[in-house]
Amino acid sequence: QFHMIKYEDLRWCESLGQGSFTRIFKGSKIDIRDGERHVTDVLLKELDANHKNCWESFFEAASLMSQISHKHLLLVYGISVHRSKNVMVQEFVKFGALDLFLKREGSVSVSWKLDVAKQLASVLNFLEEKNITHGNICAKNLLLAREGDASQGSSPFIKLSDPGINVTMLGRDVVLDRIPWVAPEVLEAPERLELECDKWSFGATLWEIFNGGQAPLQGLDLERKLQFYETYKQLPSSEWTELADLISQCMNYQPAFRPSCRSIIRQLNSLITSGTSRELIAVKKLQ
Ligand SMILES: N#Cc1ccc(Nc2nc(N)cc(-n3cnc(CCO)c3)n2)cc1
């Protein structure tokens with residue numbers, strides 16, 4: 001269920017960092033189509049050689065992405081296996097991971113943030129309708145295809161990345177370090193990854209988007225992160241009560257009590273109307 005790409009048709013350029021058990025590089029792939037040579041920018045996601053036992057899970061994540069298509073889902077061109085190299089070949093998304101962008105950009109408008117949140121909610125709704133759980137929703141896995149420029153009125157455009165190695169394959173410390181994105185119920189039973197888990201992670205991601213891309217509970221060691229769940233803590237809430245309500249509804253310790261995607265989208269729509277008018281009033285006060 002994959003397009004196999006010949007290793008010799010790939011070129012590695014600069015390294016762009018690493019995820020859990022993977023390294024990512026900018027690269028290009030070469031296709032010969034109707035006698036013409038086409039070079040395409042790609043993102044090469046390599047599985048660490050010392051985690052070869054995860055290759056099924058690594059490719060399973062990618063195959064999820066290539067069996068369904070949606071405008072806000074990352075395009076996976078295929079995979080390339082050569083000797084000990086397992087490589088996933090993805091479309092190169094122009095502006096990279098959202099968390100880094102938010103940290104770099106600092107001030108984006110409320111409507112920009114809500115636009116991104118709505119795009120994420122819409123692709124989660126698409127996955128929910130197909131009963132597909134992503135399992136690793138976070139700002140780092142949201143890629144920015146278009147920056148959007150408030151002054152020009154052009155809006156951002158995001159793509160949801162593959163979930164990476166399945167959480168059941170990760171060591172406990174790696175899962176603990178994903179607190180508060182990983183839903184509490186997943187800690188006890190990682191194999192029971194369900195749709196509700198993505199709602200919890202959506203709440204944590206919404207918090208990131210409205211907190212300049214900074215990681216929630218950053219700097220807490222694993223013990224304290226575990227205590228956060230054991231004592232049923234919530235993330236520091238925004239002054240914007242409607243936003244804080246939505247985040248805490250998503251991050252409900254009872255999975256069944258988390259809102260449906262439709263409800264999330266409805267609440268985002270009302271935030272958009274109240275949020276943009278709040279922003280207009282604030283701007284008017286400044287004039
Ligand atoms: N400066 C810069 C810059 C860096 C990267 C991209 N593009 C791109 N395209 C993808 N398909 C995936 C990623 N990506 C980034 N971080 C992860 C790991 C967490 O998912 C994946 N980045 C564009 C510009």
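Analyst: Let's start with a term: a residue is buried under 20% relative accessible area, exposed over 50%, and partly exposed in between (1.4 Å probe, protein chains only). One caution is that this is a predicted model, where local features need pLDDT of at least 70, side-chain atom pairs count only at pLDDT 80 or more, and totals for chains, interfaces and linings use all residues. Residues are numbered from 1 along each chain as its sequence is written, and side-chain values use heavy atoms, leaving out hydrogens and water.

User: Okay, let me try that out. Is valine 108 buried or exposed?

Analyst: Valine 108 has 16% relative accessibility, so it counts as buried. You'll find valine 108 in the loop between helix H2 (98-105) and H3. Helices here are DSSP runs of H or I with at least four residues, strands are runs of E with at least two, and both are numbered from the N terminus.

User: And which residues is valine 108 in contact with, leaving aside its neighbours within four places in sequence?

Analyst: Contact means heavy atoms within 4.5 Å. On that basis, valine 108 touches Phe101, Leu102 and Lys113.

User: What about the whole chain? How many helices and strands are there?

Analyst: The chain has nine helices and seven strands. Its radius of gyration is 20 Å, close to the 19 Å that the globule rule gives for 287 residues, so the chain is as compact as a globular protein of that length. That radius is taken over C-alpha atoms, and the globule rule is 2.2 Å times the number of residues to the power 0.38. Along its principal axes, the C-alpha trace spans about 60 × 45 × 35 Å. As for burial, 49% of the 287 residues count as buried. Now take the contacts between residues at least 6 apart in sequence: 65% of them join residues at least 24 apart.

User: How do I read two helices packing together, say H3 and H9?

Analyst: You describe two packed helices by the angle between their axes and the distance between the axes. The axes are lines fitted to C-alpha atoms, for helices over the stretch in contact, and angles run from 0 to 180 degrees between N-to-C directions. Here, H3 (residues 110-129) and H9 (residues 261-286) pack at about 170°, with axes 10 Å apart. That makes H3 roughly antiparallel to H9. The cut-offs are under 35 degrees for roughly parallel, over 145 for roughly antiparallel, 65 to 115 for roughly perpendicular, and oblique for the rest.

User: Which residues make that contact between H3 and H9?

Analyst: On H3 they include Leu114, Ala117, Ala121 and Leu124, and on H9 they include Ile264, Ile265, Leu268 and Ile272. By class, the contact has eleven nonpolar, six polar and four charged residues. Nonpolar covers Ala, Val, Leu, Ile, Met, Phe, Trp, Tyr, Cys and Pro, charged covers Asp, Glu, Lys and Arg, and the others, Gly among them, are polar.

User: Where does H6 come in, and what is its angle with H3?

Analyst: H6 (residues 195-209) packs with H3 at an angle of about 170°, with the axes 11 Å apart. H3 and H6 are therefore roughly antiparallel to each other. Among the residues that meet are Val116, Leu120 and Leu124 in H3 and Phe202, Leu206 and Ile209 in H6. This contact has nine nonpolar, one polar and four charged residues.

User: Backbone next. Which residues does a cis peptide bond join?

Analyst: Isoleucine 179 and proline 180, with omega at about 10°. Proline 180 is in the loop between helix H4 (172-177) and helix H5 (184-188).

User: What is phi for asparagine 131?

Analyst: Phi is about 55° for asparagine 131, a positive value although the residue is not a glycine. Asparagine 131 lies in the loop between H3 and strand S6 (142-146), and its relative accessible area of 58% makes it exposed. Leucine 217 also isn't a glycine, and has a positive phi near 60°. Leucine 217 sits in the loop between H6 and helix H7 (222-230), and counts as buried at 15% relative accessibility.

User: What does a partly exposed residue look like, for instance proline 190?

Analyst: Proline 190 has 22% relative accessibility. Its place is in the loop between H5 and H6, and it touches Val167 and Thr168, not counting residues up to four places away in sequence.
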